[in-house]
Amino acid sequence: MASCVEHFRRSVAKLVPSRDAAVAVAVSGGSDSVALTYLARQVFQRVVGITVDHRLRPESSVEAVKTGSIVTGIGAEHHVIPLEWAARPDPGKVQLAARQKRYEALFRFCREKRIGYLMTAHHMDDQLGTFLIRLSKGSSIDGLAGMKEAIAWYQSPETQILRPLLRCTKKSLREVCIENHLEWIEDPSNASDVYKRNRINKALAVHPELHAGLGSLVETCGLARDVLQKKALHAMNSNGMVQVDHLYGYAKVSWPQYCRLDGPVARRVLLALSHYTSGHYTLPNYVALSRAHQMFSEGKAKATNMTLGMSILVPADDATFIISRSNPPNSTVDPTPIALGETILWDKRFKITLSQLEPRTPPTSKQFLIRHMIQADWELARKGIRKVRTTALPPEMIRGGLPVIVNKDGKVVLIPHFRVIERSAGVVCELKFAPEKSLEYCLLGCYEMQGKLCNMPP
């Protein structure tokens, strides 16, 4: 059996092309991350240890300083990132909230320092624990496939997350520390039975004979997931089954071609298109997803509309159906501020840049608002359509998802899709459909989840 050191070297040789690359390591001070820092330093010229001080325990700042001494003693750089909390998270959500803020801080640091790789110390026990937690929740094959060795988080795609220790046990990592006389810090929260993951880790430690069988099962699930993803990607890219309207931000799907797909593949296509066109990556209830797929694949939805997460599915004719952003209730969506000269990603879908209309026409204000289109805007839009007859009309059901720019008094200044401009306001805008995630990412990355879609590592 290969040693932990051999597993690490094989993994990074596959994931990182150059030994001269700078790599960051998320270091909590525990034996796992200390061992990872040591192993990384044996391979790479520049290793940057990052400790996030969550400030949720009185002793955390002292531990962060001690961790710095351990890391610099190994020969790596070290930086501490203290977190700020407006309010302490609820007791049952502490780990989730801390994890989210921790990754945001880690990626921000890597982005600022232009570091392309962030290593985390997730190991085999973590992988098996994740598998068992998801199994207990009735997860699909995607959840059971576990963590990947390398992923790119959509909010910071320039930095890859690497998990080179997934074939190493926690016990073997602790042995690396002992053999090389490395200190580590015990986090008391890791011993608390309040958290399900801790209880599972303790059970796995008592039954090490489960490691091999469960590990093989996770790997098999991963292979099955990869096959389904490749089939879904092929289906999306072949024979014109999916056509994306990049002006209005919706997708048309060939009904006959969709109905010929296998169920698991079709559901992936449906979910990916829902995420891409809506720009919102919340995971719809699996039962709702399955029901939508069943109705569309059996042709029962040809006379009705359906919502799926933040998207709406609408039959266009006997041969196609449309997926787009659902029309949000106006009472639940606040207008988005935009300043003159500013570029924003509105509603996570449209990139909008506001600029001065003409040098000689000063704008009436430097601050405006963007809201969703309402029925009253349509009469103004029709005037713009008559002026520019080449403008193709979007399906009626998606109009409520289009942007309208108003002044502080609520008066319409611009309806960009229909060339409506109130010239006296002195502003104009550029608009592009540009969701945060590409369609391919929505298809291949959307199953990196744990109960909810955030593509955030465990």
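This is a predicted model: local features need pLDDT of at least 70, side-chain atom pairs count only at pLDDT 80 or more; totals for chains, interfaces and linings use all residues.
Me: How many helices and strands does the protein chain have?
Reply: Helices (H or I, at least four residues) and strands (E, at least two) are DSSP runs, numbered from the N terminus. On that basis the protein chain has 14 helices and 19 strands.

Me: What percentage of the residues in the protein chain is buried?
Reply: A residue is buried under 20% relative accessible area, exposed over 50%, and partly exposed in between (1.4 Å probe, protein chains only). The protein chain has 458 residues, and the buried share of them is 50%.

Me: What percentage of the contacts between residues at least 6 apart in sequence joins residues at least 24 apart?
Reply: A contact means heavy atoms within 4.5 Å. Among contacts in the protein chain between residues at least 6 apart in sequence, the share joining residues at least 24 apart is 71%.

Me: Which strands stand at the edges of the sheet that contains S7, and why is one side of each left without a neighbour?
Reply: Two strands pair if DSSP finds at least two bridges between them. Five strands form this open sheet with antiparallel pairing, in the order S7-S8-S11-S10-S9. Each edge strand has a single partner strand, so one of its sides has no neighbour in the sheet; the edge strands are S7 (242-245) and S9 (306-308).

Me: Which residue is the bridge partner of Leu 313?
Reply: Strand S10 (residues 311-315) runs antiparallel to strand S11 (residues 320-325), and five bridges join the two. Within S11, the partner of Leu 313 is Ile 323.

Me: What angle does the direction of helix H11 make with that of S11?
Reply: Axes are lines fitted to C-alpha atoms, for helices over the stretch in contact, and angles run from 0 to 180 degrees between N-to-C directions. Helix H11 (residues 263-278) packs on the sheet and touches S7, strand S8 (250-254), S9, S10 and S11. Its direction and that of S11 make an angle of about 45°.

Me: Which residue in the hairpin of S7 and S8 takes a positive phi?
Reply: S7 and S8 pair in the antiparallel sense over four bridges, with Val 242 opposite Val 253 in S8. The hairpin has four residues between the strands, and the residue with a positive phi, near 80°, is Gly 249.

Me: At what angle do the axes of H9 and H11 cross?
Reply: Two packed helices are described by the angle between their axes and the distance between the axes. The axes of helix H9 (residues 210-237) and H11 come within 9 Å, and they cross at roughly 65°.

Me: Which residues of H11 make the contact with H9?
Reply: On the H9 side, the contact is made by Arg 225, Leu 228, Gln 229, Lys 231, Ala 232 and Met 236. On the H11 side, the residues are Pro 264, Val 265, Arg 268, Val 269, Ala 272 and Leu 273.

Me: Is His 234 buried or exposed?
Reply: His 234 is placed in helix H9, and its C-alpha atom is separated by 10.0 Å from that of Val 265, 31 residues apart along the chain. With a relative accessible area of 57%, His 234 is exposed.

Me: Which helices do the buried residues of H8 pack against?
Reply: The buried residues of helix H8 (residues 196-206) are Asn 198, Ile 200 and Leu 204. Seen down the axis of H8, they fall within an arc of 160° (taken from the directions from the helix axis to the C-beta atoms), so they line one face of the helix. The face turned away carries the exposed residues Ala 205 and Val 206. The helices packed against by the buried residues are H5 (124-136) and H9.

Me: Which residue in the turn between S13 and S14 has a positive phi?
Reply: Strand S13 (residues 343-346) and strand S14 (residues 350-356) pair in the antiparallel sense over four bridges. They form a hairpin with three residues between them, and the turn residue with a positive phi of about 55° is Asp 347.

Terms used
Residues are numbered from 1 along each chain as its sequence is written. Side-chain values use heavy atoms; hydrogens and water are left out.
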